[in-house]
Amino acid sequence: MATMFKKPKRNFRRKINTSDSENENDNESEPMDVDEMSQDSVSTEASADQSKSKDKKKKKKPKEKEPSATAVLSFGHEDEEETAEVFKVKKSSHSKRIIKQLKKEKKEKEEQLEKDRKEQRKAERAKSGKTDGKSDSEDEEKREQNLKKLREELRTLNGDEAEALESSEDESEAVAFRNRLARGEIPDAKTIHIIRKQRQLARDNQDFIALEENEESADKNASTSRLVRDDDHDKSDEDEEEGRVDFTVNTAARDRQRMRDNFMAVEHGSDDDNEKAEKNWEDQQIQKAVKQLCISQAPEVILQQHTNGAKSTAVTSRGPPDLSRYGPNLATPLPSLAPMSRTSDTSQITIESVRRRLEERLDTLDTVYRGHKMALDTAQHDIEEAQTSIASCKQNTEGLEERYRFFQEMRGYVRDLVECLNEKVPSINELEQRMQNLLRTRATRLLQRRQQDVRDQCQDYMTNKAAGQVVMATEEEQAKQRRVAEREARRSRRRRARETRNIVNHHEGLSSDDEESQADETKFCMEQENIEGASTSLFEDALEDFVEMDLIRRRFEEWKFEFGDTYREAYIALCIPKLVNPFVRMQLMGWNPLKEDCQDFEDMNWYNCLVFFGCESTQEVDPEDSDVKILPSIVEKVVIPKLTYLVESVWDPLSTTQTSRLVNLSQRIFKDYPTVSLKSKPTQAFLQAVVTRIKKALDDDVFMPLYPMSVLDNRSSGPATFFHRQSWTCIKLLGNILSWHGLVGTQLLQRLALDGLLNRYIVLGLANSHVDRHSMEKCQTIISTFPKIWFADLEGEKTLTQLENLCRFLSKAAELIHKSTCRLSDSERQEGRLLIKQMSKQLVTIHAMDHAVGLSNQYSFKINAS
């Protein structure tokens, strides 16, 4: 790496190669480069010194032959050649150690080369699979001859040729190292150490590398030459190889140890350096502190100078004030002031300079004064605030004590209330589950009874057997006969009740068959009373403060009226619904809005207790008050889930009374309570339960029998009665489903009512029955159940797509009536014409103008759009 340093222009003399060895050639060597000389200087000096010592000790050996020409190497210019110091290099044979090392390296290289060649030949044979014996043998002979020549050339190398080989190897290593650096590779520790050594030698020798070092220069540069390797200047190796003992002081080993210590100290540091660094750091900190102290006290010293008229070198003992809390400008240290008397030249002192310095000092004193004034004002302000705070705290002591006492009591009360509810809630859940099971069991029993009655009638009328002619031969037939008797008895009781209330225009199938026997009704009432009694006695072991909702409400209202800020910060309005939830559920345990005499939940005690929660009688209700949302939240979280369960397990969609009560209650809740909306999850669950229950009724409870026209001619016959009853039942269910308009989505409602019931069952039954006054009455009832808003926004002359089947049936019925009455008497023809006009009005009602106009044109009458 010597080429990395800039070298002065030098003249090198050619060296005449000489050799005392018998195997040495007489060829002239090439001029040596400085890099090559620097690489082998150490080994050459060691070999030359050891050769001299051997010549002195061995007298029998012949004296070395002097070279015919002396090779002189000069590092100076030509004009300085006579005065400059001349370094002479005496060439001699290499030592045995170096020769052995070279032979060993050559032998390893040859073995590795031979091994690589054998592996290459094996790989080529395995890849090709086919070899030519003759060509392989010739190639192998050529390789052996080349290898033999190479070994002979290597054996003949000695002296300068070996040195040239070594220098070329060094050059190749240098070039390879530069290439590695160009590729971005990181050199190893050994390479870095060699480079540092070469640079250190170049610096010590002033940009040139010395061929040898004497003891004085070694002692002088011991502290700086930190990169000399352990094997440099080692002169004892050959003596040890010869078996001789050298009793002289090994100065080279001592120098190496000293250089190694210096190298480790520089590389890793030492305790002395650490101590020096710490001491320097401490001195710097002390100087900074002294400078800061002098700067902060400079104004006081200046003021003392002006007051006393003399210089003062005394420094005040108190430290600088902390000005950081009064602003960044005051916290910044002021520059030191130079004394006016200390000037290098008194002639430079003028009136203007004195005035300027005085002004500067005056400005500095003014700045310090303003800082102290600001600090004084701040301290006075803090004192006033502290005194005010002390007085305020003394005045509020009694109020704080009362406040603390109230919150401690409130904390204990809430904790006891929560513990009481945690103990009672499992019992409330159990009682509520018992009541739900009781209601579900009765509803399931009534539903199964009605479905069994439909199956019995369908079986009887399909086989043309009358109920009175059934032979009671088996237990199944006896049970069937008993069901028939009970069914007819219930119908008779309902018929007598209608006659008592003067109900007219009633059709078989419109009433709900949900009456129970006296025994079942009594059993149900007893079980319900037991559950309600258990719920009443559930809180008998608790104090009234934890049972009565009025007392609980007063506790929290007192908190709100006394300490409203903490009441709002604690979000009590969100906690109240959860606290009163168990009490509300207990009062709603027997609540069933599907019954006729059920109490409205707005008339219950819990509702009246919470309706004005947090409101004072003398003040108006604030709409922004969070307590206003307590009651709507309870309705959403308690009442709506209760209705959801009733819809899923108790509600009968075929019951008009139950459906009307449920729809009316739902509409009122949706209207009066803003929390009950489509965004609420309980509300979504409620509407989903309604749709699911309607689908279940369409799949399980709807049945439309189909009989021949001859069977339906006698309306008093069993099959005709059963057919008309089922027709009116389907029409009743259609009206019950469409009553949910406004709560259930329009498209979903049309799909359930029109596609799932009207077109699937009702229109099919109308098409398979006689077209007469009774059929037109059914059509009129069907059309009256449709919401008028469906047809308000229709454009054109066509109605809804789902109503096309009904429109075609009416057009076909008008044609049949005209054909059946055209040959009858005038009164009968007039009656038929009135039926056709009635059909036209029905078509206009559902906005089927195309069909209505067709009838008017065909039968010559005007359409009354009103």
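The chain holds 29 helices and 2 strands, taken as DSSP runs (helices H or I of at least four residues, strands E of at least two) and numbered from the N terminus. This is a predicted model, where local features need pLDDT of at least 70, side-chain atom pairs count only at pLDDT 80 or more, and totals for chains, interfaces and linings use all residues. Residues are numbered from 1 along each chain as its sequence is written, and side-chain values use heavy atoms, leaving out hydrogens and water.

**The chain overall**
- Of the 866 residues in the chain, 34% are buried (under 20% relative accessible area with a 1.4 Å probe, protein chains only).
- Contacts (heavy atoms within 4.5 Å) with a separation of 6 or more come 74% from residues 24 or more positions apart.

**The largest nonpolar core**
- A nonpolar core is a set of buried Ala, Val, Leu, Ile, Met, Phe, Trp, Tyr and Cys residues joined through side-chain atoms within 4.5 Å.
- The largest one has 125 residues, and those touching the most other members include Phe 601, Trp 606, Trp 740 and Phe 786.
- Helix 12 (residues 397-462) gives this core its largest share, 14 residues.
- Beyond its neighbours within four places in sequence, Phe 786 meets partners including Leu 734, Leu 738, Phe 791 and Ile 846.

**A look at Asn 736**
- Asn 736 sits in helix 23 (residues 718-738).
- Its relative accessible area is 6%, so Asn 736 counts as buried.
- Not counting residues up to four places away in sequence, Asn 736 touches Pro 653, Leu 654, Ser 655, Thr 656 and Thr 659.

Definitions and conventions:
Buried means under 20% relative accessible area, exposed over 50%, partly exposed in between (1.4 Å probe, protein chains only).
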